[in-house]
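Me: I'd like to learn how to read pockets and ring pairs in a structure. Could you take me through them one at a time?

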Amino acid sequence: MATNIETHPGDSHEIPEFEAHASTTSLKERIKKHYEIASDYYYSLWGQHIHHGYFTSPTDTKEEAQVNLIKYLLEISELARGANVLDTGCGIGGTSRYLAKERACSVTGITISGRQVEIAKRLTQAETSTSSTGKLADDADVYSSGGSCRFLELDAEKMLEHFSADGKSAAQFDAVWISEALSHFPDKPLFFKSASALLVPGKSSRLVIADWFKSPQLTPEQEKEDIALIEDGMLLPPLCTAQQYVEMAKTAGLTVRQGPIDISHEVAKTWDISWALVSSPSLWLFAISQGRDGLAFLQAFRAMRRGYANGTFRYAIMCFGKP
């Protein structure tokens with residue numbers, strides 16, 4: 001009796017050859033184009049939170065796991081209620097809205113994608129439309145908790161220049177929050193320098209990070225077989241180790257408050273779910289129609305699963321402060 005073997009449409013398509021980024025400018029242009037095209041799809045696939053889920057129980061849904069991750073970051077950071085937060089690489093604003101609603105934070109979300117700003121504003125206004133407080137002067141939508149959200153299309157490499165324009169003090173945020181965006185940035189030391197400058201100094205200051213990393217001391221073969229495919233498909237410059245982030249933070253004048261905490265085991269299920277969600281043949285045809293980056297992106301889902309399974313690809317969270 002023949003055995004039916006379940007196949008995935010991704011098995012029918014080749015993995016594109018690795019394509020190096022011609023320059024940091026071209027990389028950012030590819031990232032922006034990707035999110036302009038894919039953000040609506042992300043929302044339909046994952047909902048408002050475009051980041052890993054932290055699975056604490058076998059019964060956790062993907063939505064519960066995504067909120068679990070935010071709660072864990074709040075736990076390790078001890079972010080003060082009512083804090084003024086810069087959500088860097090905010091996506092479609094899921095974390096920004098959560099911090100505003102649940103912690104009464106005043107959140108400014110920035111993203112390189114104009115389409116993501118449009119979606120973030122629409123979702124936020126839908127949640128705040130019944131609030132009697134309305135909008136603030138800076139176009140922020142206000143929640144009944146007293147928290148608020150506003151969203152800007154802004155390249156994070158220019159955030160220090162933007163927020164310190166017109167003679168304003170650069171140090172104006174209690175916290176800079178960045179979840180799974182820093183791995184995209186070509187100039188990571190610049191980000192740490194800018195984040196440090198934007199933080200109000202003192203015991204309540206926080207730089208909160210969740211991100212993707214490679215394991216230290218990988219062999220050239222491991223780099224090629226696991227990491228390069230992730231970097232290519234996910235439009236990343238070379239991945240760092242978690243310890244490299246710590247060193248960059250210290251160089252920028254920040255102190256370690258917590259971490260790095262490796263939670264790879266608890267978040268790896270994210271990509272098992274993702275691989276199952278991208279099982280529609282029509283989705284793969286759409287990806288192919290977008291060019292080699294579209295196909296490389298979906299094939300990177302497989303590489304992420306393999307990287308977690310092999311221990312070459314890691315996920316960690318950490319928190320820093322500004323003395």
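Me: Which element gives the largest share of the lining of the second largest pocket?

Reply: That is α1, with four residues. Before going on, note that this is a predicted model, in which local features need pLDDT of at least 70, side-chain atom pairs count only at pLDDT 80 or more, and totals for chains, interfaces and linings use all residues. Residues are numbered from 1 along each chain as its sequence is written, and side-chain values use heavy atoms, with hydrogens and water left out. Helices are DSSP runs of H or I with at least four residues, strands are E runs of at least two, and both are numbered from the N terminus.

Me: What counts as a pocket?

Reply: Rolling a probe the size of a water molecule over the atoms shows where empty space is left.

Me: How much space lies in the largest pocket, and which residues lie nearest its centre?

Reply: Its space is about 330 Å³. Of the 19 lining residues, H34, I37, Q290, D293 and G294 lie nearest the centre. Two or more residues each come from α1 (24-46), α7 (220-233), α11 (281-289) and α12 (292-310). Ten of the lining residues are nonpolar, four polar and five charged.

Me: How many aromatic pairs does a search of the whole structure find?

Reply: Eleven. Rings of Phe, Tyr and Trp (its six-membered ring) pair if their centres lie within 6.5 Å; planes under 30 degrees apart are stacked, over 60 edge-to-face, and the rest tilted. Y54 and Y72 make a tilted pair, 4.9 Å centre to centre with 35° between the planes. Y54 sits in the loop between α1 and α2 (62-77), and Y72, 18 residues away, in helix α2.

Me: Why is the pair of F185 and F191 edge-to-face?

Reply: Because their planes lie at 65°, with the ring centres 5.8 Å apart. Ring pairs also link F185 and F191 into a cluster with F192, F213, Y245 and F320.

Key: On a 1 Å grid over the protein atoms alone, a cavity is a set of points where a 1.4 Å probe fits but cannot get out, and a pocket is an open set with protein on both sides within 12 Å along at least five of seven lines; lining residues have an atom within 4 Å of a point. Grid points are joined across faces, edges and corners, and a volume is the space filled by probe spheres set on the points. Ala, Val, Leu, Ile, Met, Phe, Trp, Tyr, Cys and Pro count as nonpolar, Asp, Glu, Lys and Arg as charged, and the others, Gly among them, as polar.
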